[in-house]
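Please report on charge pairing and nonpolar packing in the structure below. Keep it brief and give the cut-offs.

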Amino acid sequence: MKQKVSDEERHVFLKTIAQCLHDAFPRYDWVGFYFVDPMKKDELVLGPYVGALTGHVRIPFGKGICGQAAVTHKTFVVDDVSKEENYLSCSVNVKSEIVIPLMKHGEFVGEIDIDSHTPHAFSEEDRVFLEHVAQMIATIV
Ligand code: SME
């Protein structure tokens with residue numbers, strides 16, 4: 001029988017994944033999750049994360065890197081955030097970013113967001129690896 005995961009279990013699971021990614025990859029300075037707000041459907045809400053505090057608790061679809069990935073459902077790699085016009089800055093230390101959509105049964109449900117203090121921090125290998133992680137997470141959340 002399929003058992004429902006409680007909100008607390010989900011939070012601990014996601015926070016643990018974020019912590020593992022953050023600790024395993026020195027270039028991953030901020031690792032977190034955004035999820036589609038079930039009430040609004042066109043806004044992301046911040047989930048568990050590891051790294052500096054962020055003021056971006058809610059992000060409308062289309063806004064910033066996260067909001068754009070929410071519209072395209074495609075991984076968004078930014079090698080140099082200073083060159084992005086549609087970007088929401090969390091800290092002056094952030095130089096590059098990757099956002100990987102979480103697709104569940106073909107539906108966009110949220111995303112993994114990773115910021116780095118190193119420019120060009122995310123290679124093709126990172127992208128492939130993180131897309132696998134995202135697939136695994138999407139089956140559980
Ligand atoms: N930089 C993101 C905002 C979220 S923070 O990185 C935590 C963006 O442009 O969407």
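## Salt bridges

Glu-124 pairs with Arg-127 in a salt bridge, with the closest N and O atoms 2.4 Å apart. A salt bridge here is a side-chain nitrogen of Lys or Arg within 4 Å of a carboxyl oxygen of Asp or Glu. The two residues sit three apart in helix α3, so about one helical turn separates Glu-124 from Arg-127. Helices (H or I, at least four residues) and strands (E, at least two) are DSSP runs, numbered from the N terminus. Arg-127 is partly exposed at 23% relative accessibility. Buried means under 20% relative accessible area, exposed over 50%, and partly exposed in between (1.4 Å probe, protein chains only).

This is a predicted model: local features need pLDDT of at least 70 and side-chain atom pairs count only at pLDDT 80 or more, while totals for chains, interfaces and linings use all residues. Residues are numbered from 1 along each chain as its sequence is written, and side-chain values use heavy atoms, leaving out hydrogens and water.

By the salt-bridge rule, the count comes to seven. Three of these pairs are tabulated here.

| Pair | N to O distance |
|---|---|
| Glu-124 and Arg-127 | 2.4 Å |
| Glu-43 and Arg-58 | 2.7 Å |
| Arg-58 and Asp-37 | 2.9 Å |

Arg-58 bridges to Asp-37. Arg-58 lies in strand β3 (residues 58-60) and Asp-37 in the loop between β1 and β2 (43-50), so this pair ties together parts 21 residues apart in sequence. Arg-58 also bridges to Glu-43. Glu-43 belongs to strand β2 and Arg-58 to strand β3, so that pair ties together parts 15 residues apart in sequence. Asp-37 is buried at 6% relative accessibility, and Glu-43 is buried at 12%. Arg-58 is partly exposed at 43%. Asp-37, Lys-40, Glu-43 and Arg-58 are linked in a network of salt bridges.

Asp-115 lies in strand β6 (residues 107-116). Beyond four places in sequence, the contacts of Asp-115 (heavy atoms within 4.5 Å) include Arg-27, Tyr-28, Trp-30 and Phe-122.

Glu-111 is found in strand β6 too. Glu-111 is buried without a salt bridge, and its nearest side chain of opposite charge, Arg-10, is 13 Å away. Among the residues that Glu-111 touches, beyond four places in sequence, are Phe-33, Tyr-34, Leu-44 and Cys-66.

## Nonpolar packing

A nonpolar core is a set of buried Ala, Val, Leu, Ile, Met, Phe, Trp, Tyr and Cys residues joined through side-chain atoms within 4.5 Å. The largest core has 22 residues; Tyr-28, Phe-33, Leu-102, Ile-112, Ile-114, Leu-130 and Ile-137 touch the most other members. At least two residues of this core come from each of α1 (7-24), β1 (30-36), β5 (96-104), β6 and α3 (124-140). A second, separate core of 18 residues includes Tyr-49, Ala-69, Val-78 and Val-81.

Ile-112 contacts Phe-33, Leu-102, Leu-130 and Ile-137, among others beyond four places in sequence.

Val-5 lies in the segment before α1. Val-5 is partly exposed, with a relative accessible area of 34%. Val-128, in helix α3, is partly exposed at 36%. Val-128 and Arg-27 are 101 residues apart in sequence and 16 Å apart in space, C-alpha to C-alpha.

Notes:
Lys, Arg positive; Asp, Glu negative; His and termini not counted.
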